[in-house]
Amino acid sequence: MLSADEVAKLVSEVTERVIMRVGSPSDDPAAGPPRTLGETLDETLWWEQERLREQDPNDEETLADKQFYADLHRQLQHANALEQRRLLQQIVHRYTHEIAGNFSPTVYKLAAKVAPPMLSALLTGLSPRRLFGREAIPRLDQHVIIEGEVDNLERLRERGTLVVTPTHSSNLDSLLIGFAVHELGLPPLTYGAGLSLFRNPIVGKFMHNLGAYTVDRRKRDPLYKQTLKAFASVSLEFGQDNLFFPGGSRSRSGAIERGLKKGLLGCSVSAYRNNLMRGKPNPDIYVVPCTISYPLVLEASTLIEDWLAEVGKSRYIIVDDEFSRWERWLDFLRGMFALDLKIHIRFGRAMDPFGNPVDAAGTSLDPKGRPISARGYFEVDGEVVEDPARDAEYTRELERRILAEFSRQNVIHPTHVLAFACFELLRRAQPEFDLYRLLSSIGAGRSEQSLALPEVEEEIELLLEELERRFAAGQIRLSSVVTEAITNDDVAVLLRAALRSFGTYHPKPVVERRGVRLHVCDAKLLFYYRNRLDGYALRDAPALASFTGPGGARHV
Amino acid sequence: MAADHEAPEYELIRAPFPMVRKLQRTLASDYDGPAFIWDIDKTWLDTQISQVKGMLKIPFEFAVDKRALPGTTALLHALRGGPSDRAHRPLFFITASPPFIRKAIERKMLIDGVEFDGITYKDQLEVFRRREFGSLREHTAFKLGALLLLAQVFPERIKIYMFGDDAERDALIYCMFADICAGRLRGTQLVETQIKLGVLQHYARDVAALAEQLPAHERVHGVHINLIRAPDGRRVLGYDDRVLGYPSAGAVARVLHERGLISERGRDRVEQVEGAGEVVFGQAPRDPDGWWTPREQLA
Amino acid sequence: MSDTRAAQVSVLGAGNWGTTIAHLIGQNGFTVKLWARKQELADEINQLRRNSRYISGLEGVQLSANIVATASLAEAVRGVPLVFIVIPSQAFRSVCEQLGELVEPSQLAVHATKGLELGTYKRMTEIMLEETCLRRIGVLSGPNIAREMIEGKPAGTVVASRFPRVIELARAHLKSRQLRVYANTDVVGVELGGTLKNIIAIAAGMATQMQLGENAKSLLITRGLSEVARLGVALGADPMTFSGLAGIGDLMVTCASPISRNHRVGAALARGMNLTEAINSLGMVAEGVKASKIAFELTNQLNIRSPLIHGVYRVVHEGLDPRAALSELMDAAVQDDIDPSLVRAANGSPPRGPHGG
């Protein structure tokens, strides 16, 4: 854990590093030729003033920012190179401070201890009978299953620095990872969270104290992004275990990530390289991919709406969704506890920053499991050297291997199976429809689509056969109910579980049984839950990408 | 039949008795397999709807807090699945519970995965509004009416298997229904028998009028009574052996499996939960004319 | 073996092309290790400066004295910063398996093998990544007839890698007044170009044999290239690569040279031989025979229109009469000269294929 003193050191290190980079070629080949000091300042001024124009003019922060940039503008008019440097320093320092926030290690420690029992206590208020009765209080740890390669994490953490990279479906993810890390007896992770989370009425106040630093996605200034990246790098090099969601933002489509943000991902490569070049003790960085699989997703409705809008090119940042509404939280948690739903947090195999698996002792292994010296990847004539193009390529490979691990560690719930089966049947019935026409042809209000139960059961059975094969080949994971359905050849148990979940949390049931037919009441959500099984080429279904074509959604 | 404006899938029925019904399946006219008709209170759920106190409690409870009688949910799954586990056999509920607790009940069904094709609630509010307070706790006319309305939409060759409990008059009402279907109990005798049981005259007449429209056929093939009040089966002994009482879901599951109605797996799953005791068959000799209803109950 | 300078580069595979590459590097003044599977061949190279099995009929030419041949893979690989792998595609994986025991992350590797793995459709760089810890890897490809290069005739070639250092180091060893070495970052495109062109060469061989004339041959080559590019783009290649040395360049030399194996297979088939007879007359399997099967399956899988590739496949593997195949081609619907999918891909980013990346 960082002391206040160390936080200050971190801020100054980041500032120094960003300043040093200005005027030298960028890591990112797409960034074009290096900017001069003056150009960088002009650019920042332009982007920030552009951003401020769209903000609420009465907001205190906005006013302060406006003042700052007005002053800067004035001073910049007749600044010499030395003064320009000082101004730049001011900006980066300001950015870094804002990113670091008011992090207090003491409060943080306390919060990590108190949060899980508090969440449990909150839930006991849900059922009066449970509260007053003799029945057991629901416990979070019975609903969040922490599994996978967790045994080595403690040892790896002692030998190096962890970068936990989970899939991202919900804003609950960071809280759950916090919970998992706590349960595993590991110290808390540092992570960047969107500004909207800090403004969230439910968790906003705790964010800094949960180890979060601020990421303001409205700031498009390249200097800000550089500062952010430097912050992540430096905190890694300071030995802080990090959490970041490599997909960038929550999966809009419901599918697991298809591409990752290489900027932040690259920090693990560059931090390892810097550690080696500086001869730091315990220089190793271990990347730990991890999947978080929900049977129901708190913000599913908002996310899939955004995906559909996004594919239609209207891009916006979600600030207000289910995550900021108490009653949705309560509904969600109530559903989870009442239906005995399990959220799976599954840790995959830890990797070195090149994507090679590491053993319990942190030694990198080649594809055939032979120990290798990963340092060699940086070496030219025996020396570790800097080479941004090379490291970008290593990052690309790391991305590929994390994605492959995501795909293997994805835990499939009954809701995903039922949604996939129903969507497939509906799609096959209307082969000439594109996605939008298909989705708008289904659901209440229009001619509601229904499917005969035996037909759905048969489709599920075929799907389960394929899933069983993939599971046996280690390509996917299955939740306990899905496994039960396969081993007992009992489709009914899966169907019941899925219908129960679908009928419980969402305002409209996603799928509802009436007599011997299944009615799809929310086509978009059906599509959302179906997408979790996308990309496995199951039942010869077309991939999500083919629905959208090039330039599709963020995650495709 | 009017529709409920708030929830259009429910029909408001006023004759022969005020009730609210949801039907979600139409059976093919040549269907000659089994259909199951279940009571809810004390047959499936461990509730006390017959008592005002119990009735008031239900809407304030969460669906998950309601308890099913041990093994009955598995029994419902087994019956629905049939010998193949996949048959989706017709399953209907008739309950004296008032419609205002339908959300809680149907939610419980969703949570337990009880698939049903129709459910009829007794419209207690309407009975209250009519100031017929005696009919609040007397369910004969309601149940006969609800059963007859179902029989009307059923294919003629269907085989009905009925499930109730011994806390009320389920056995008697089911037997009367069997005799009505077969054409033995109709007209004045039906009216008088109901009145003898405490049914208001106008309801008794309406039930009889409805019965008159039904073509005479044997439809009922079995009556199964959960022994909740008298576990020794005392309250079914007066019927013949077409009526059986069961002390546990597992006990009746064994018989149902022998009779080819549920699969072995279905039976095992019920027994896993609760399988104690053995069923008790009615002891009265079979009536030569086929009557299910004991003569002394008839007017 | 008297040479005591430590070699900084090695070539694995002492076949026709591997020996040529080692010779070119040696002529540039670098000590180069050359791995031959057989001890006798290594001895012949070291002692007589000759490779009679693979390079014959060049009486005046002596192999470079800087070549140190060895039959030990370990000796060839250990401690060498740059390794060229020049192993026929069917033996590629098994050599990489052995290589996996010997190499280290600090080493760089470039392969010069044309072809895809049968059954898996994998490219050679994919096999390298699967079998070894090597990451800084690349591919060498282009219009390079070994014999002409041994004779000292001028040529150009392409080294493709995502790692600038790989290109830099490979170029440093290969470039000379005789050989121009061009760089490319599109590994997928260069590997596919070198493989798929062989299918078109078979078609060109048939056309030559059938004496269809130069117009027809040109038609086949350009339409063929367009099909190759379309498949390549679907697999993740950059369409521009196919207009470079590893694309059109390699295609031209293969189609023009009557001594190319693929060309000869096409000609044999057009003379009325069946595939087995054609292969027997050649004494070796032409890469295009395998490639046409793989490309046929891939285009079907990816739903890509490729009448020429399909025509060659059916002549080679299904015994269709080349004349019938040709008339089918001539009767097929006429499309745009430049395929719209290529225009799109050239303007934007190419779509990622299942094997791309």
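**Chain folds and contacts in a predicted three-chain model**

For a chain of 299 residues a compact globule would have a radius of gyration near 19 Å, and chain B, at 18 Å, agrees with this; the radius is taken over C-alpha atoms, and the globule rule is 2.2 Å times the number of residues to the power 0.38. The model is a predicted one, in which local features need pLDDT of at least 70 and side-chain atom pairs count only at pLDDT 80 or more, whereas totals for chains, interfaces and linings use all residues. Residues are numbered from 1 along each chain as its sequence is written, and chains are lettered from A and ligands numbered from 1 in the order in which they are written.

Along the principal axes, the C-alpha atoms of chain B fill a box of roughly 50 × 45 × 40 Å. Chain B has eleven helices and ten strands, these being DSSP runs numbered from the N terminus (helices, H or I, at least four residues; strands, E, at least two). Buried residues account for 52% of the 299 residues in chain B, where a residue is buried if 20 or more other C-beta atoms lie within 10 Å of its own, exposed if 12 or fewer, and partly exposed in between, with C-beta atoms placed from the backbone. Of the contacts in chain B between residues at least 6 apart in sequence, 75% join residues at least 24 apart; two residues are in contact if their C-beta atoms, placed from the backbone, lie within 7 Å.

Strand β4 of chain B (residues 34-38) is largely enclosed by the rest of the structure, because five of its five residues are buried. Both faces of β4(B) are covered, with B:Pro34, B:Phe36 and B:Trp38 buried on one side and B:Ala35 and B:Ile37 buried on the other. Two strands pair if DSSP finds at least two bridges between them, and β4(B) is joined by five bridges to strand β7 (residues 159-165) of chain B, the two running parallel. Within β7(B), B:Tyr161 is the bridge partner of B:Phe36. Three bridges join β4(B) to strand β5 (residues 91-95) of chain B, again in parallel, and here B:Phe92 in β5(B) is the bridge partner of B:Ile37.

In chain C, an open sheet of eight strands has the order β3-β2-β1-β4-β5-β6-β7-β8, with mixed pairing. Its edge strands, each pairing on one side only, are β3 (67-70) and β8 (179-184) of chain C, and the twist averages 25° from one strand to the next. Strand β1 (residues 9-12) of chain C runs parallel to strand β4 (residues 82-85) of chain C and is joined to it by four bridges; C:Val11 stands opposite C:Phe84 in β4(C). Helix α2 (residues 39-48) of chain C packs on the sheet, where it touches β2 (32-35) and β3 of chain C, and its direction makes about 155° with that of β3(C); axes are lines fitted to C-alpha atoms, for helices over the stretch in contact, and angles run from 0 to 180 degrees between N-to-C directions.

The domain assignment of chain C gives domain 1 (9-185) and domain 2 (188-347), with bounds that come from an automatic or database domain assignment. The C-alpha centres of domain 1 and domain 2 of chain C lie 27 Å apart, and 19 residues of domain 1 are in contact with 20 residues of domain 2. On the side of domain 1 of chain C that touches domain 2, α5 (124-131), β6 (137-141), β7 (155-161) and β8 of chain C each supply at least two residues, and β7(C) gives the most, with four residues. By class, this side of domain 1 has ten nonpolar, seven polar and two charged residues; Ala, Val, Leu, Ile, Met, Phe, Trp, Tyr, Cys and Pro count as nonpolar, Asp, Glu, Lys and Arg as charged, and the others, Gly among them, as polar.

The contact between chains B and A takes 15 residues from chain B and 16 residues from chain A. On the side of chain B that touches chain A, α2 (72-81) and α3 (102-112) of chain B are the elements that give two or more residues, and the residues of that side divide into four nonpolar, five polar and six charged.
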